[in-house]
Amino acid sequence: MSITPRAFLLLPALLALPACDTPPMRQSYATLTFQDRPPLRLDVAQIEIVDAYKAPGVAPYVDHLFPQKPADVAAAWGRDVLRAVGQRGMATYTITDASATESALPRSSGLTQVFRTEQSDRYDLHIAVKLEVGNPLLATTGFVTATANRSQTVAEDMTLNEREAVWFQMTESAMRELDQKLEAAIKDKLQPFVR
């Protein structure tokens, strides 16, 4: 059997086919919500959720790549937890920051680098929110703020799915802390508005 010139030209392409990898299956994550926790009932007629953070969408910022954007999860807290149960007044819950950045870490050179897996990047997450409340019937206003920060380094051989798992865990952990801080601050500083 002889190989035609055309078949000979196609042979390298056919041999390369098994080397092509299909993209890895992306992991899915449960939506982070706060619907399972008791609501905070405020003596206002309306609650407004404001996302004042605008993701830059370029390096070193990576929050737009997270499986669930930190700003979206912070907004979900306001929707799920805060309840307006009054006749007058308004509360404004504002996400002032929900940024995450990636920083390259210094790496070894020479033989040391070849024989060990090093931490290659650090991710820093910062979430900050503000709740302002006013009710003319109570003749008072008030506000509270809360922040949560997380930092995590990752290994150079970590896959995209593994990085996304780190980002998800960072967001979940930061929002758990923010939830506790906000509840304590609201019950302390905004006590006249809590029903």
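The model is predicted, so local features need pLDDT of at least 70 and side-chain atom pairs count only at pLDDT 80 or more, while totals for chains, interfaces and linings use all residues. Residues are numbered from 1 along each chain as its sequence is written, and side-chain values use heavy atoms, with hydrogens and water left out.

The chain contains four helices and six strands, where helices (H or I, at least four residues) and strands (E, at least two) are DSSP runs numbered from the N terminus. Along the sequence these elements follow the order α-β-β-α-β-β-α-β-β-α. Contacts are defined by heavy atoms within 4.5 Å. Of the contacts between residues at least 6 apart in sequence, 78% join residues at least 24 apart.

The chain has 195 residues, of which 37% count as buried; buried means under 20% relative accessible area, exposed over 50%, and partly exposed in between (1.4 Å probe, protein chains only).

Most residues other than glycine have a negative phi, and most peptide bonds are trans. The peptide bond from alanine 59 to proline 60 is cis, with omega near 10°. Proline 60 is placed in the loop between strand 2 (46–51) and helix 2 (70–81). Alanine 139, a residue other than glycine, has a positive phi near 55°. Alanine 139 belongs to the loop joining strand 5 (119–135) and strand 6 (140–155), and is exposed, with a relative accessible area of 69%.
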